[in-house]
Amino acid sequence: MREYPNEHNKIVSELLDGKFIISPSSLFFKIQELEDDYTEFFIKSFSYKLNVEAEFCYLSSDEVNEKRTRDFTLFLAILSRELDYSGKNFRDKIELGSFDINETEELLKQSSKWEILEKTTVSDFERFIKTWRSKNLIEINGNRFKFTKAVKLFFSFAIDIANEKLK
């Protein structure tokens, strides 16, 4: 029987819970070290693909229809749009900056696209933010939040969608 590291149960439970494991976490480095083993483990055990990026890792599956991911992508797109309209470099602000929770909620509610978000989990903004904190996509400090490195995945996803539309 294969010998797994001491962190194995934590790695498996966090990834199966939909969490991103972010560098410089020791779990991230253990996954990198044993990437081939974990890739095989998740495919054989759960039919999930282990995705190891430069700064984070996560599981994916072609058979999962995840509404929360769609909601987060809509949130990110509309937040980016509103930041761009206000003259800010939205990508830098999202990747490097922090946001006041109440001000961000108000910004979104003032958006002409709020009607889209209102029909999603974003409508309960405080809960939405806490959900994504539990997935390691957002860090909260007091009444402020910032995105973790994993937000890059959602930007890549948005770029792929835009490129498909342009074809």
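In helix α5 (residues 90-96), Glu-95 and Arg-91 are four residues apart and are therefore separated by about one helical turn. In this predicted model, the two side chains form a salt bridge, with the closest N and O atoms 3.0 Å apart. Glu-95 is partly exposed at 26% relative accessibility, and Arg-91 is likewise partly exposed, with a relative accessible area of 32%. An α-helix has 3.6 residues a turn, so residues three or four places apart point the same way.

Across the whole structure, the search finds eleven salt bridges.

Helix α4 (residues 67-85) comprises 19 residues and reaches 27 Å from its first C-alpha to its last, close to the 27 Å expected at 1.5 Å a residue. Among the buried residues of α4 are Phe-72, Phe-75, Leu-76, Ile-78, Leu-79 and Leu-83, together with the acidic residues Asp-71 and Glu-82. Just after α4, Gly-87 adopts a positive phi of about 85°.

Strands β2 (residues 49-52) and β3 (residues 56-60) pair in the antiparallel sense over four bridges, and a hairpin of three residues joins β2 to β3. Within this pairing, Val-52 stands opposite Cys-57 in β3.

Terms used. Residues are numbered from 1 along each chain as its sequence is written. This is a predicted model: local features need pLDDT of at least 70, side-chain atom pairs count only at pLDDT 80 or more; totals for chains, interfaces and linings use all residues. Side-chain values use heavy atoms; hydrogens and water are left out. Helices (H or I, at least four residues) and strands (E, at least two) are DSSP runs, numbered from the N terminus. The expected span of a helix is 1.5 Å times one less than its number of residues. Buried means under 20% relative accessible area, exposed over 50%, partly exposed in between (1.4 Å probe, protein chains only). Two strands pair if DSSP finds at least two bridges between them. A salt bridge is a side-chain nitrogen of Lys or Arg within 4 Å of a carboxyl oxygen of Asp or Glu.
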